[in-house]
Amino acid sequence: MFAELFASPEPKLSRWYEMSEDRVRAFADVTEDWQAIHLDPDVGRAAGFDGAVVHGYLALSMLSAMSYDVLPDLPADCVSVNYGFDRVRFIAPVPVGARIQGRFQMSEIEENEGSARVRWDVSITCEGSEKPSVVADWLTYFKRKDV
């Protein structure tokens, strides 16, 4: 059941998401991570960046929203759960104000009666960059509610 839903020979791309200053500040406030490289362009430049940079965990957390763009709707009797990551790397900074896009490719599925664990090769890229900002090995769990 689940294998047919998610199998695709081609990677799926999300829409673009703006990493605005307001979004970065809201994330800083919620997580209490007010490191100045994220909030002050002068401090970001002094640290060797082109200005303020997005929190790596903010970029990573956008995978949830991005997954709604690319994954098919689940049947009404199913739920999905974030199962975690086997590997996450922050490869290149995301400048505040940049737009990012997620790329999803299912790499493995372990299907059982009424459930499945799916492994995704995911990456996040800034608009105009060939090099990904984030690469990860993401696991999700899907289950029928009645099982």
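**Exercise 1. Determine which backbone atom the side chain of Ser 14 reaches, and describe the surroundings of Ser 14.**

Step 1. The side chain of Ser 14 reaches the backbone nitrogen of Gly 102 at 2.8 Å. A polar contact is a pair of N or O atoms within 3.5 Å; within protein, one must be able to donate a hydrogen and the other to accept it, and residues adjacent in sequence count only if both atoms are side-chain atoms. The model is predicted: local features need pLDDT of at least 70, side-chain atom pairs count only at pLDDT 80 or more, and totals for chains, interfaces and linings use all residues. Residues are numbered from 1 along each chain as its sequence is written, and side-chain values use heavy atoms, with hydrogens and water left out.

Step 2. Ser 14 lies in the loop between strand S1 (12-13) and strand S2 (17-18). Helices (H or I, at least four residues) and strands (E, at least two) are DSSP runs, numbered from the N terminus.

Step 3. Apart from neighbours within four places in sequence, Ser 14 is in contact (heavy atoms within 4.5 Å) with Met 66, Asp 69, Val 70, Gln 101 and Gly 102.

Step 4. Ser 14 counts as buried because its relative accessibility is 3%. The classes are buried under 20% relative accessible area, exposed over 50%, and partly exposed in between (1.4 Å probe, protein chains only).

**Exercise 2. Locate Thr 140 and identify the residue whose side chain it joins in a polar contact.**

Step 1. Strand S6 (residues 132-144) contains Thr 140.

Step 2. With a relative accessible area of 7%, Thr 140 is buried.

Step 3. The side chains of Thr 140 and Trp 120 are joined by a polar contact of 2.8 Å. Not counting residues up to four places away in sequence, Thr 140 touches Val 81, Tyr 83, Ala 116, Arg 117, Val 118 and Trp 120.

**Exercise 3. State how many aromatic pairs the structure holds, and characterise the pair of Tyr 57 and Phe 90.**

Step 1. There are 4 aromatic pairs in the structure. Rings of Phe, Tyr and Trp (its six-membered ring) pair if their centres lie within 6.5 Å; planes under 30 degrees apart count as stacked, over 60 as edge-to-face and the rest as tilted.

Step 2. Tyr 57 and Phe 90 are edge-to-face, at 5.8 Å centre to centre with 90° between the planes. This pair links distant parts of the chain, 33 residues apart: Tyr 57 belongs to helix H5 (residues 56-70) and Phe 90 to strand S3 (residues 78-90).

Step 3. Tyr 57 is exposed at 59% relative accessibility, whereas Phe 90, at 42%, is partly exposed.

Step 4. One aromatic cluster is formed by Phe 85, Phe 104 and Trp 138.
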